Amino acid sequence: MEKSESAQNRAKQALETYLHGHGLRCTPERFAILEAVFNIDGNFSPDMLLEEMTERQNFRVSRATVYNNLIIFEQAGLVKRLLLGGSIRFVLGWHENCNMSLVCTGCGKVTDIQDRKIDTQIHDLKMRRFQMTGYSIQVFGLCSKCSQALKRRMKKIENKRNK
Ligand SMILES: [Zn+2]
């Protein structure tokens, strides 16, 4: 995920455009929450974001405000919602035209990938009485670090058995 300053600026601009377009106020609070999203590594729960804001940034904000803004960010295409182990997590989704994520079930690392073929297929799908506004695909598995760690663990167990 791109986290450079320019990416952050573009995200801010996109949020501003979205807020204006939807008659929502551009409060400093919203931009502080967006900044906190950029400061967190990987995926996060609304509570983790609240902690980042109140404890690390010393910004007083309510849980409801954090949650409501996450919904706005999601609709503006800035964050993506994931379902990880039955709990709702969010991840920075500011990556133009990117809609597929590889989610590591071991450490929660999210990598975005693009595939034109799948994208075309989804846009060609016939949806009855439904107007698509977007989509996201999550592919679950293990990242290379986690799969190597699993292999090492399995080897250890095997070695113990053979003794
Ligand atoms: Zn992993």
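Colleague: Which residue is the bridge partner of Cys-104 in strand 5?
Modeller: This is a predicted model. Strand 3 covers residues 100-104, and strand 5 covers residues 137-141. The two strands pair in the parallel sense over five bridges. In strand 5, Cys-104 has as its bridge partner Gly-141.

Colleague: Which residue in strand 5 stands opposite Ser-101?
Modeller: Strand 3 and strand 5 are paired in the parallel sense. On strand 5, the residue opposite Ser-101 is Gln-138.

Colleague: In what sense do strand 3 and strand 4 pair, and which residue in strand 4 does Val-103 stand opposite?
Modeller: Strand 4 spans residues 110-113, and four bridges join this strand to strand 3. The sense of that pairing is antiparallel.

Colleague: Which residue takes a positive phi in the hairpin of strand 3 and strand 4?
Modeller: Five residues lie between the two strands of this hairpin. A positive phi near 85° is taken there by Gly-108.

Colleague: Which strands stand at the edges of the open sheet?
Modeller: The sheet is open, with three strands in the order 4-3-5 and mixed pairing. The edge strands have a single partner strand each, so one side of each is left without a neighbour in the sheet. From one strand to the next, the twist averages 25°. The strands at the edges are strand 4 and strand 5.

Colleague: How are helix 2 and helix 4 oriented to each other?
Modeller: Helix 2 covers residues 28-39 and helix 4 covers residues 63-75. Their axes come within 10 Å and cross at roughly 75°. Angles of 65 to 115 degrees count as roughly perpendicular. The orientation of helix 2 and helix 4 is therefore roughly perpendicular.

Colleague: How do the residues of the contact of helix 2 with helix 4 divide into nonpolar, polar and charged?
Modeller: Helix 2 contributes Glu-29, Arg-30, Ile-33, Leu-34 and Val-37. From helix 4 come Thr-65, Val-66, Asn-69 and Phe-73. The residues of this contact divide into five nonpolar, two polar and two charged.

Colleague: What distance separates the centres of domain 1 and domain 2?
Modeller: The protein chain is divided into domain 1, residues 1-96, and domain 2, residues 98-163. Taken over C-alpha atoms, the centres of the two domains are separated by 23 Å.

How values were computed
Residues are numbered from 1 along each chain as its sequence is written. This is a predicted model: local features need pLDDT of at least 70, side-chain atom pairs count only at pLDDT 80 or more; totals for chains, interfaces and linings use all residues. Axes are lines fitted to C-alpha atoms, for helices over the stretch in contact, and angles run from 0 to 180 degrees between N-to-C directions. Angles under 35 degrees count as roughly parallel, over 145 as roughly antiparallel, 65 to 115 as roughly perpendicular and the rest as oblique. Two residues are in contact if their C-beta atoms, placed from the backbone, lie within 7 Å. Ala, Val, Leu, Ile, Met, Phe, Trp, Tyr, Cys and Pro count as nonpolar, Asp, Glu, Lys and Arg as charged, and the others, Gly among them, as polar. Two strands pair if DSSP finds at least two bridges between them. Domain bounds come from an automatic or database domain assignment.
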